[in-house]
Amino acid sequence: MRLLAPRLAQHLGQSVIVENKPGASGMIAGGYVARSAPDGYTLLMDITTFAVNPALHKKMQYRPLKDLTPITEIVRSANVLVVNPKVPVKTLGEFIKYAKQQDGRLSYASSGIGSSQHLAMEMFKHEVHIQLTHVPYKGGGPAMSDLLAGHVQSYFAFIPTAADHIKQGRLRPLATTGEQRSALLPDVPTIAESGFPGFQSYDWNGLFAPAGTPPAVVERISHAVKAVLEEPQIQARLKDLGLELVGSTPADFRSFLVEQIKQSKDTVKKSNITLE
């Protein structure tokens, strides 16, 4: 958002100030915006956990799709399934076979219970019928450190974070979670093309307004974001970060979120995931 804000200000003719409100998986910021005046002057930049929170929290201070209005999905990024090089596999098929032989002894890291990496691996486990031991960490940094050290064996990593480790041979990539191959890892196949068509999992960033914001205002902001994403310098910078540019309409973003929330609830239920 800090990258987009100056250009967005030019398109809107209005200063755009970025204010961090961290905590509670984005729910502090979400609740603040949900309670703000629906005039288009207070917006929320949220991430994948927006669709996960309703599945994990029985009580929230706001209703995500009722108290907030989707404006646009800005960018998304697939993850990559990586293993420590000591794990004796080189392909996704070999990983699945090896995991079945290990009968739950093979471990995977995540950046925390309910994180996108956690749910992506749980979805994958159900898809391919394997058992793995989940080792949650307090953030992606510690998870990556222990993977590199060999304390855990596998991880659905954020592609830009993993790319350098892969190039240096410190991690071995098996497959990515996107619909298409990543521009940062063009030689790594997707899970879908590795024998599991339809499998997709993304981290994403999107923009929201308080419920009741006039449709004309929502549309104007959505168009402004799309215009910024079409600027060559912005495109180059975001693609260098391994991000896919989206710039969806408010209606398309809402439809995407409905599916994401359903997918999260299904995964949480199947895997019996709780925060305790």
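This is a predicted model: local features need pLDDT of at least 70, side-chain atom pairs count only at pLDDT 80 or more; totals for chains, interfaces and linings use all residues.

Let me begin with one aromatic cluster, which is formed by F50, W204, F208, F253 and F256. Residues are numbered from 1 along each chain as its sequence is written, and side-chain values use heavy atoms, with hydrogens and water left out.

The structure holds 8 aromatic pairs, where rings of Phe, Tyr and Trp (its six-membered ring) pair if their centres lie within 6.5 Å, and planes under 30 degrees apart count as stacked, over 60 as edge-to-face and the rest as tilted. In one of them, the rings of F124 and F156 have centres 6.0 Å apart and planes at 90 degrees, so this pair is edge-to-face. F124 and F156 are both buried, and buried means under 20% relative accessible area, using a 1.4 Å probe and protein chains only.

W204 and F256 also form an edge-to-face pair, at 6.0 Å centre to centre and 80 degrees between the planes. W204 is buried with a relative accessible area of 0%, and F256 is buried with 16%.

Finally, the largest nonpolar core has 23 residues, and F124 is among those with the most contacts inside it; such a core is a set of buried Ala, Val, Leu, Ile, Met, Phe, Trp, Tyr and Cys residues joined through side-chain atoms within 4.5 Å.

Note on methods:
Buried means under 20% relative accessible area, exposed over 50%, partly exposed in between (1.4 Å probe, protein chains only).
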